[in-house]
Amino acid sequence: MSTTDVAIVGAGVIGTAVAWRAAQRGLTVTLFDPDPTRGAWRTAAGMLAPITELHYAESALLRLNLASLARYPSFVEELGLPTGYRANGTLEVAWDAADLAALRDLHAFGTSLGLSSRLVDGAELRAIEPGLAPGLPGGLVADSDHQVDPRLLHAALTTAARAAGVRFVAEEVRDLGALAAGQVVLAAGAWSGVLGGLPVRPVKGQTLRLRALSPLASGRVVRASVKGSTVYIVPRENGDVVVGASSEEAGFDVTPRAGAVYELLRDAQTVLPELGEAELVEVSTGLRPGTADNAPLLGRGEDGVILATGHYRNGVLLTPVTADAIATLLATGETDPVIAPFTPSRTAVPA
Amino acid sequence: MADDPFIIAGVALESRLILGTGGAPSMQVVDEVLVASGTELCTVAMRRADAATSGSLIDVIDRRGIRVLPNTAGCRTAVEAVRTAQLAREALETDWVKLEVVADERTLLPDPVELLDAAGQLVRAGFQVLPYTNDDPVLARRLQQLGCVAVMPLGSPIGTGLGIRNPHNIELIVSEATVPVILDAGIGTASDAALAMELGCDGVLLASAVTRAQQPARMATAMALAVQAGRHARLAGRIPRRHHAHASSPTEGMPVF
């Protein structure tokens, strides 16, 4: 029986980043996953957008999101490989007066929490991004909300983890207790609930990948509220554009649903008319690991297993802070105060 | 109100507030609003429901001991609505269904022709049908004739929060109803819910007004109180509207100069 200091279950962005960081601290690490492409990272657009994705009643999560965003520049620099990190900021666009009213309320809430963004009118929006539809009543500019390409990030993390000595095992783990390891980390995303008996459920999401002839000139992420529905458009350096995302409670079903594709394209074209001419390259479906309060489970669980899961729609954003804090916990037993509010034992809806 | 039971299809409910969960930002918020609203009946879109997964919406509602009212949201034809109701009956083991057949995604208004067709089929198949309908007294009458166990007229289109746009029609529906009338859709804030009850509705069904509020649990509390206030006001009997002042203090016996 082989032994290892740390066994990590799940080689998505979270598991692989934890493996890399733990190996850097001198631990021997084995990473189990027969098919890392199942992870939500492959579908995710990679928005690093704590300000424009702010939700009421998620202010504790906001602090964790901001802490992780602040680590991104050094995190990707240390990886030293292409990650598609783009620090061009984000535009949040309202389609009608009611959408703008909701955006103003959220802006006021964000400002009360000390967040920096500014309201602009439609003319200023189109001065920044001329491809936007005429007639938009206004929006929000968030200069610190950025993006990364999760597929490049995952490849970079995998390369870095291998280079740091992480052992990759392409096997399905069915029993956490059977792993011969000093410590076990569960980073199995949407499957963590089943594997670890945890309150984590799959939340299906669909995104589209388009190839545009003339992508967004500003290089900014565009988020929009179109008659109450949210859509985002994320332009990559190479001209690819990611449009997302649906949110469906459908168990472990990952079949693409036609209506979700229609709704995403309808709303995306409404705010960026030229997208109708783009090539439809891919429809991608993933399962977000959802928790009752939409925040992750970080720290030691009841059975001693260390949890790095339940990141819901923020897995890519929360990768740096999760990897750092879980590696610290593995190497020293200390809980970084930044993850303390997200202890698995916190009270939430029992599941 | 113990002496004022709200009975749907033979089932007595204490709360006259029925909740939908669409638009809730998290399952924890769903749980909070279920508790704060005091509701005993919660409607769930069968298209979005996932009864099998722990921590799913159905699971959260079940844990609070609240009855699930499956609905056919998103259906555009009678055949689609009937099929969705049948799937709901199998998955959730209830023959109650909130029947929703909408005409288009822009207005989400009920398609009256498809609605009547679907309601007839479902009643014949043994369902307890609660149809989401237009604020049309004739259509409401026809749905009752078919055997629906409640009628649920809209106040204004789903998600608009525009309140009750045609209170007179709601009163007309109430005045001849032989089954409970539940105001469904359009509620924006607490006064809208109170008005529905003052007009004589037996209950109120709402979702977005609570789930999309900045503090959903607080708005759920507000709605619970508004429904109770409106019900009390209806039963208490309001004073007539007068054009001229009518002093509340007696004037008899006072000196006249």
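User: What share of the contacts in chain B between residues at least 6 apart in sequence joins residues at least 24 apart?

Analyst: In chain B, 63% of those contacts join residues at least 24 apart; two residues are in contact if their C-beta atoms, placed from the backbone, lie within 7 Å. This is a predicted model, in which local features need pLDDT of at least 70, side-chain atom pairs count only at pLDDT 80 or more, and totals for chains, interfaces and linings use all residues. Residues are numbered from 1 along each chain as its sequence is written, with chains lettered from A and ligands numbered from 1 in the order in which they are written.

User: Why does the radius of gyration of chain B agree with that of a compact globule?

Analyst: The radius, taken over C-alpha atoms, is set against 2.2 Å times the number of residues to the power 0.38. For 257 residues the rule gives near 18 Å, and chain B has 19 Å, so the two agree.

User: What makes a residue of chain B count as buried, and what percentage is buried?

Analyst: A buried residue has 20 or more other C-beta atoms within 10 Å of its own; 12 or fewer make a residue exposed, and those in between are partly exposed, with C-beta atoms placed from the backbone. Buried residues are 49% of the 257 in chain B.

User: What makes the set of 108 residues a nonpolar core?

Analyst: Such a core consists of buried Ala, Val, Leu, Ile, Met, Phe, Trp, Tyr and Cys residues joined through C-beta atoms within 7 Å. The largest has 108 residues, and Ile8(A) and Val185(A) are among those with the most contacts inside it. Ile8(A) touches Val185(A) and Leu31(A), among others.

Terms used
Lists of a residue's contacts leave out its neighbours within four places in sequence.
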